[in-house]
Amino acid sequence: MKQFFDQLLQLLQQGIAAIFRFVQIIWTWSIDQITRVFQAPWDSWLLWKQILLVLVLVAVTFVVFKAGIKLWQAGVSVLRAVASLLVAFVMTLPEILVAGAIALGGLWAVNNLSFSQWPTFTSILPGSDSKKETSPRTGQPGQTTGETVGRGDSRTGDDRERQ
């Protein structure tokens with residue numbers, strides 16, 4: 001799962017980098033063209049060329065102003081989105097903390113509790129002669145109710161009475 005997220009993040013990073021390179025190319029080209037317009041030797045041109053240049057400058061200024069307004073609005077939207085994301089991170093902290101505590105407790109229970117020492121469902125029923133599971137720690141079978149230990153006799157009391 002981690003490898004999937006790493007690959008996804010790498011793909012997103014490469015895509016975003018490609019978009020920024022494309023935007024950089026367009027911005028650089030456009031700024032170069034706008035700079036060339038302002039550096040034009042307009043004082044030696046004919047009147048109609050000077051009027052056309054003024055119209056071009058007005059149009060460029062208008063379009064750049066509109067682009068500036070859109071960039072400003074986008075910046076405000078980005079700041080709002082980042083603030084909303086940070087608020088979401090903070091608001092989900094209690095749930096994430098509880099999930100981590102549950103994971104820690106579950107892992108502790110799995111590593112430290114031995115259920116082989118607990119009675120099984122069949123061993124608590126009357127007349128049951130089932131054995132307990134082998135303990136994973138000692139390799140020895142657990143005792144069931146009524147078993148005797150010590151003299152090598154592992155039969156229950158009911159088994160001895162039948163013989």
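Visitor: Which secondary structure does the protein have?
Guide: Helices (H or I, at least four residues) and strands (E, at least two) are DSSP runs, numbered from the N terminus. Here there are 4 helices and 0 strands. Along the sequence the pattern reads α-α-α-α.

Visitor: Where is confidence lowest, and where is it highest?
Guide: pLDDT is the predictor's confidence in each residue, from 0 to 100. The protein averages 82, and 72% of the residues score at least 70. Helix α4 (residues 157-162) has the lowest mean, 50. Helix α2 (residues 47-91) has the highest, at 95. Over residues 147-151 the pLDDT is below 50. Where pLDDT is low, the predicted coordinates should not be read in detail.

Visitor: How many of the residues count as buried?
Guide: Buried means under 20% relative accessible area, exposed over 50%, and partly exposed in between (1.4 Å probe, protein chains only). Of the 163 residues, 6% count as buried.

Visitor: How many salt bridges does a search of the whole structure find?
Guide: Side chains of opposite charge can pair when their charged atoms come close. A salt bridge is a side-chain nitrogen of Lys or Arg within 4 Å of a carboxyl oxygen of Asp or Glu. The search finds 1. D6 and K2 form a salt bridge, at 3.0 Å from N to O.

Visitor: Where do D6 and K2 sit?
Guide: Both lie in helix α1 (residues 2-38), 4 residues apart, which means about one helical turn separates them. D6 is partly exposed, at 38% relative accessible area. K2 is exposed, at 62%.

Visitor: What is the angle between α2 and helix α3?
Guide: Two packed helices are described by the angle between their axes and the distance between the axes. Axes are lines fitted to C-alpha atoms, for helices over the stretch in contact, and angles run from 0 to 180 degrees between N-to-C directions. α2 and α3 (residues 93-112) pack at about 40°, with axes 5 Å apart. Angles under 35 degrees count as roughly parallel, over 145 as roughly antiparallel, 65 to 115 as roughly perpendicular and the rest as oblique. So α2 and α3 are oblique to each other.

Visitor: Which residues meet there?
Guide: F89, V90 and M91 in α2 meet L93, P94 and E95 in α3. Contact means heavy atoms within 4.5 Å.

Technical notes. Residues are numbered from 1 along each chain as its sequence is written. This is a predicted model: local features need pLDDT of at least 70, side-chain atom pairs count only at pLDDT 80 or more; totals for chains, interfaces and linings use all residues. Side-chain values use heavy atoms; hydrogens and water are left out.
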